[in-house]
Amino acid sequence: MENKVNVIILAAGKGTRMKSSIHKVMHEICHRPLIDWVLDGVCDFDPAQIYTVVGHDRDQVESHLQDRCQLVVEEKQLGTADAVKAVRRSLAGKPGVTLVLNGDSPLLTKETIDHLIDFHLKSKSPLTLLTADLDDPAGYGRIIYDQNHKFIRIVEQKDANKEELAIKEVNSGVYCFDNQLLFDYLDQVQNHNSQKEYYLTDLVEIFRNNGFGPKTYKTQDPNEILGVNDLLALNVANRIIQKRINTKLLVEGVQIIDPDHTYIDRDVEIGRDTIIEPNVQLIGKTKIGNNCRIGMSSEIRNSIIHDGVTVTSSLIEDSQMMDRSDIGPNSHLRPNSVIGQGVHIGNFCEIKNAKIGTNTKVGHLSYVGDADLGEEINVGCGVVFVNYDGVNKHRSTIGSYTFLGSASNIVAPVTISDHSFIAAGSTITEDVPFHALAFGRARQVNKSDYWDKLPLANSAFWSDDKKSTK
Ligand code: UD1
Ligand code: CA
């Protein structure tokens with residue numbers, strides 16, 4: 001029975017309250033557009049077809065969704081009932097159940113949708129509405145029952161009187177319809193209300209007036225029905241989703257020190273006994289192994305971190321760190337860097353599009369760009385890979401067991417062979433052969449007895465008694 005369920009997601013509205021040029025459903029929660037979270041909830045129960053109604057700024061939504069669902073257009077945004085009319089041509093007259101939901105409800109779960117549909121089918125109701133009790137119902141449509149507790153209508157906040165405003169049970173914007181009845185009665189909806197809009201909610205009263213008894217199904221988790229109408233609600237949704245993600249990880253054995261200040265995306269995978277310190281951001285398709293420590297304020301994007309790795313306050317993008325390697329504080333792996341097993345990247349280093357072999361050390365203040373480094377190399381302090389001539393990027397190769405003295409410039413393209421030694425301060429522009437010692441710097445000249453000839457000798461820089469040595 002369930003695979004007969006069609007889904008209509010309403011996402012044509014203007015989203016005026018967001019005060020943004022970004023479409024409401026394209027605002028991100030944990031780096032994914034809001035509409036993707038809505039789709040998660042409905043895709044999980046495998047519906048027959050998902051129709052998404054687009055309209056205002058529709059190109060933003062269309063180019064994101066592409067063929068993930070069937071897109072239908074509501075030309076003018078005349079209200080939620082008008083939006084559903086856009087699907088008439090595809091669905092009118094067909095038997096089965098249609099689930100209609102607002103495109104701005106990212107917290108709805110598959111479980112709740114399943115329960116709602118089950119209840120709907122068992123109670124043979126023409127329309128079942130998902131509701132919840134809210135401590136603060138402001139902004140939502142209120143649920144009205146008659147004295148026999150029969151569900152008779154929904155009144156919108158803007159049309160409600162004082163008594164109705166005090167009602168805590170609200171419309172979630174999730175509706176299970178008998179599909180035939182939905183399209184039979186949709187055209188009877190009028191726009192006689194304070195907003196001059198065609199409200200989908202009016203179908204409750206219309207159904208009842210025609211002898212069909214709509215029902216409500218109340219969820220116990222009021223969070224699930226949150227509708228994101230403004231940035232404040234987006235922030236609330238973000239925090240709830242983040243809490244769901246972090247709680248799941250904690251249960252799976254990831255030690256998150258401060259879950260309220262740790263930002264992890266839905267698809268991130270983390271192994272056991274890994275410690276995530278406060279203010280860390282783990283973004284996109286990042287994967288982290290077992291026994292790692294991801295230190296304070298690190299940011300890792302779409303990267304693979306293997307087992308036993310330590311990251312200290314560093315930024316890692318589209319890269320890989322192999323077992324037992326470490327980085328930081330304050331270093332940056334730019335895209336396409338592969339850091340081998342046991343490699344040490346110290347502080348203030350930048351690595352880009354480079355491969356670094358097992359146990360190599362890049363201790364301090366270095367730039368390694370467009371290079372292949374072998375094993376057990378010592379990269380001294382301040383070594384710079386000079387990879388760019390202003391037009392093209394060039395690549396360098398450094399053999400294993402080499403020693404790159406501090407403050408050397410490796411001017412690409414150049415190859416330094418295994419077991420060679422680059423003297424500190426060298427500018428290397430030519431290949432260095434196996435077992436060689438390379439000097440690439442001017443010889444030092446000492447001019448004796450020169451101090452008093454220097455203008456500096458008598459400058460105000462020195463105190464009087466230090467000015468002259470004679
Ligand atoms: C709506 C409900 C309200 C419910 C709340 C739950 C109506 C009249 N009111 O109010 O009872 O408590 O949701 O969150 O339905 N849309 C279109 N085309 C339009 C107008 C809206 O596609 O012409 C879409 C919007 O993009 C949005 C959804 O419908 O995703 C709901 O519209 P919105 O303006 O957010 O309605 P609410 O005021 O939240
Ligand atoms: Ca809304």
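On a 1 Å grid over the protein atoms alone, a pocket is an open set of points with protein on both sides within 12 Å along at least five of seven lines, whereas a cavity is a set of points where a 1.4 Å probe fits but cannot get out, and lining residues have an atom within 4 Å of a point. Grid points are joined across faces, edges and corners, and a volume is the space filled by probe spheres set on the points. This is a predicted model, in which local features need pLDDT of at least 70 and side-chain atom pairs count only at pLDDT 80 or more, while totals for chains, interfaces and linings use all residues. Residues are numbered from 1 along each chain as its sequence is written, chains are lettered from A and ligands numbered from 1 in the order in which they are written, and side-chain values use heavy atoms, with hydrogens and water left out.

The largest pocket holds about 1100 Å³ of space. It is lined by 39 residues, of which Arg17, Lys24, Thr80, Glu197 and Asn229 are the closest to its centre. Two or more lining residues come from each of strand S1 (6-11), helix H3 (80-85) and strand S10 (169-178), where helices (H or I, at least four residues) and strands (E, at least two) are DSSP runs numbered from the N terminus. S10 gives the largest share, four residues. By class, the lining divides into 11 nonpolar, 20 polar and eight charged residues, with Ala, Val, Leu, Ile, Met, Phe, Trp, Tyr, Cys and Pro counted as nonpolar, Asp, Glu, Lys and Arg as charged, and the others, Gly among them, as polar.

Which residues coordinate the calcium ion (ligand 2)? Asp104 (OD) and Asn229 (OD1) do so, at 2.3 to 2.4 Å, where donors are N, O and S atoms within 2.8 Å of the metal (3.2 Å for Na, K and Ca), and the site may look incomplete because water is not among the atoms. Asp104 lies in the loop between strand S6 (97-102) and helix H5 (110-123), and Asn229 in the loop between strand S11 (215-218) and helix H9 (231-251), so the pair ties together parts that are 125 residues apart in sequence. UniProt, in an unreviewed entry, lists Asp104 and Asn229 under "binding site". The lining of the largest pocket takes in both Asp104 and Asn229. Asp104 counts as buried at 9% relative accessibility, buried being under 20% relative accessible area, exposed over 50% and partly exposed in between (1.4 Å probe, protein chains only). Leaving out residues up to four places away in sequence, Asp104 touches Lys24, Leu34, Leu226, Gly227, Val228 and Asn229, a contact meaning heavy atoms within 4.5 Å.

Leu34, one of these contacts of Asp104, is also among the buried residues of H1. Nine of the 10 residues of helix H1 (residues 34-43) are buried, so this helix is largely enclosed by the rest of the structure.

A further "binding site" feature in the unreviewed UniProt entry is placed at Asn387, Tyr388, Ser406, Ala424 and Arg441. Ser406, in the loop between strand S34 (403-404) and strand S35 (409-411), is partly exposed at 33% relative accessibility. Pro214, in the loop between helix H8 (203-209) and S11, is by its relative accessible area of 3% buried.

Conventions. UniProt positions are given in the numbering used here, feature names are shortened, and annotations may be inferred rather than shown by experiment.
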